[in-house]
Amino acid sequence: MKLAIRTLDASLKKGLAPLYVIHGPEALAALEASDRIRDAARAAGYTEREVFTAEPGADWGKLAASASNLSLFASLKLFELRIPTGKPGVEGSKAIVAYTSKLPDDTVTLVFLPELDWQQLKSTWFEALDAAGSVIEAKPVTRDELPDWLASRLARQKQQASVETLEWLADRVEGNLLAARQEVEKLALLLPEGEVSLESIREAVTDVSRFERDGLLEAIHDADRAKIAKVVDSLEAEGEPLPLLLWQLSEELRLMMTISAGQRPRRFMPPERQQALAKTARKHDAASFGRELLRAHKIDRMIKGVETGDPWDSVLEMSLGLAGAPVMKTSLAA
């Protein structure tokens with residue numbers, strides 16, 4: 001059954017479906033839809049989570065095993081099936097059809113697929129998914145729709161802009177919804193609530209200090225410890241807003257985690273940028289990713305004044321940690 005993204009929240013309030021399928025070319029729409037489903041599942045008591053990524057050559061027997069196995073401690077489970085290629089093959093097709101014919105009672109299943117062609121949409125396995133649950137297509141936001149999309153995003157952070165301003169911003173981010181979201185989030189960090197003018201937005205989105213921040217990211221991917229320390233010192237001396245810097249480092253961390261999980265960020269990044277992210281991501285494992293997520297959380301608390309410590313020292317540690325440098329002695333357990 002098809003479910004439009006705009007009606008997803010209302011549908012979730014009525015109750016969870018046993019199975020959700022998210023497919024389509026717009027990565028941000030897919031990501032946010034999946035986050036809302038996860039949040040609803042967590043709130044409903046689905047505290048256990050299992051992920052099966054069906055890469056070429058995957059053991060599809062694990063899908064059947066997941067359906068037959070009782071959840072850990074008999075808890076409710078969120079099961080995520082990721083098919084990055086959108087092509088499960090003969091074995092996978094049979095496994096999906098069998099799985100959907102008898103969905104486990106204690107499980108909400110979330111299936112991730114890329115953009116599918118008409119043949120895939122008509123396949124036996126996809127029709128089985130469609131019949132068993134709710135199918136959400138992550139469609140691109142068109143240029144005509146983009147100003148309204150930007151206005152709704154600004155409204156979430158208690159900001160508004162004129163039609164002229166929204167059109168200017170739409171021209172700048174057209175074709176990259178992730179970039180559009182990032183620009184809007186930056187406005188919340190750099191500008192106060194209320195009406196934001198075209199002049200203030202131009203200054204915010206062309207902020208000169210972004211070149212320093214980009215230099216920090218380059219140093220991280222080059223694992224250049226000396227340059228990392230130098231750029232962080234420079235940003236501190238220039239009064240760089242810490243929330244904005246933390247946001248950029250956290251975004252880089254999330255991108256590396258996405259790549260490490262075998263997913264492909266859909267951000268229209270140059271090949272060399274993707275290669276740099278992949279190279280640095282290979283230096284990490286689940287433990288190191290978790291450590292940097294915790295560090296980012298602690299920095300956020302320091303910025304808000306609810307935790308003691310020097311946030312700039314921690315920013316340096318996080319930058320070095322992202323680069324794959326040895327863990328510094330500063331404890332994260334406190």
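**Burial and surface.** I looked up burial in this predicted model and found that 48% of the 334 residues of the chain count as buried (under 20% relative accessible area with a 1.4 Å probe and protein chains only; exposed means over 50%, and partly exposed lies in between). I noted that the chain exposes about 17400 Å², of which carbon and sulfur atoms supply 54% (areas by the Shrake-Rupley method with a 1.4 Å probe).

**Basis.** I recorded that residues are numbered from 1 along each chain as its sequence is written, and that side-chain values use heavy atoms, with hydrogens and water left out. In this predicted model, local features need pLDDT of at least 70 and side-chain atom pairs count only at pLDDT 80 or more, while totals for chains, interfaces and linings use all residues.

**Fold.** I read 16 helices and seven strands in the chain (DSSP runs: H or I of at least four residues for helices, E of at least two for strands). The radius of gyration is 22 Å, close to the 20 Å of the globule rule for 334 residues, so the chain is as compact as a globular protein of that length (C-alpha atoms; the rule is 2.2 Å times the number of residues to the power 0.38).

**Contacts.** Of the contacts between residues at least 6 apart in sequence, 76% join residues at least 24 apart (contact: heavy atoms within 4.5 Å).
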